[in-house]
Amino acid sequence: MKFLNKLKIVSLSAAGLLCIFLAGCSVQKYDETKENDVDFTILSEEEIPEQVSEIIESSKTENFRKTYSDKDYLYIIIGYGAQPTSSYSIEIQELYESSDALYVTSMLKGPSRTEKVLEIETYPCIVVKVQHTDKAVVFQ
């Protein structure tokens, strides 16, 4: 009897925690209508702020899409995780803003057939700098 009461309490507690957790999750819908292209700069390794470098270092082995902002700029950071050879790069295909968000589309590009590659694991990533905004960033 005591076992059943404890089981009920544990079950109800777990169900309550699950409800609280699920209530905190939401899906935000943003306007995708393109208003204009966003001017951006792709940073070289030397230009990347220390805080952004730390984000890259802690995330580089997995695919990641992150942002970091300071008072002047928003940094959009994209990585495609570990790749088996050298000569991978990332291309920003599109970066535009809608009324309430920035939309970023990127693509991982592998080495060309004629390109010499090194058989070493690499971690391609790109850091894009744009003027500071409070708009959400949507990765496509």
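**View 1. A hairpin joins β5 to β6 through three residues.** Strands here are DSSP runs of E with at least two residues, helices are runs of H or I with at least four, and both are numbered from the N terminus. This is a predicted model, in which local features need pLDDT of at least 70 and side-chain atom pairs count only at pLDDT 80 or more, while totals for chains, interfaces and linings use all residues. Residues are numbered from 1 along each chain as its sequence is written, and side-chain values use heavy atoms, with hydrogens and water left out. Strands β5 (residues 89-97) and β6 (residues 101-109) run antiparallel and are joined by eight bridges; two strands pair if DSSP finds at least two bridges between them. Look for I92, which stands opposite S106 in β6. Strand β1 (residues 36-37) is antiparallel to β5, with two bridges between them.

**View 2. T105 sits in strand β6.** Is T105 buried or exposed? T105 counts as buried, because its relative accessibility is 17%, and buried means under 20% relative accessible area, exposed over 50% and partly exposed in between (1.4 Å probe, protein chains only). Beyond its neighbours within four places in sequence, T105 touches E91, I92, Q93, E94 and Q140; contact means heavy atoms within 4.5 Å.

**View 3. Four strands form an open sheet in the order β2-β7-β4-β3.** The pairing in this sheet is antiparallel. At its edges are β2 (41-42) and β3, each of which pairs on one side only. Seven bridges hold the antiparallel pair β4 and β7, and here Y73 stands opposite Q131 in β7. As you trace a strand, keep a handy rule in mind: in a regular strand, side chains alternate between the two faces of the sheet.

**View 4. Helix α2 lies across β3, β4 and β7.** The helix runs at about 165 degrees to β3; axes are lines fitted to C-alpha atoms, for helices over the stretch in contact, and angles run from 0 to 180 degrees between N-to-C directions. Which residues of α2 (residues 50-59) are buried? They are V52, I55, I56 and S59. These four cover an arc of only 95 degrees around the axis, so they lie on the same side of α2; the arc is that of the directions from the helix axis to the C-beta atoms. They pack against β3 (63-69), β4 (73-80) and β7 (125-131). On the face turned away from this buried side, you will find the exposed residues E50, E57 and S58.

**View 5. The largest nonpolar core has 13 residues.** Such a core is a set of buried Ala, Val, Leu, Ile, Met, Phe, Trp, Tyr and Cys residues joined through side-chain atoms within 4.5 Å. I76, I78, I92, L95, V128 and V130 have the most contacts inside this core. Strands β4, β5, β6 and β7 each supply at least two of its residues, and β4 gives the most, with four. Apart from this core lies another, of nine residues, including I48, V52, I56 and V127.

**View 6. Ring pairs link Y68, Y73 and Y75 into a cluster.** Rings of Phe, Tyr and Trp (its six-membered ring) pair if their centres lie within 6.5 Å; planes under 30 degrees apart count as stacked, over 60 as edge-to-face and the rest as tilted. How many aromatic pairs does a search of the whole structure find? It finds three. The pair of Y68 and Y75 is tilted, because the ring planes are at 35 degrees, with centres 6.1 Å apart. Y68 is partly exposed, at 23% relative accessible area, whereas Y75 counts as buried at 6%.
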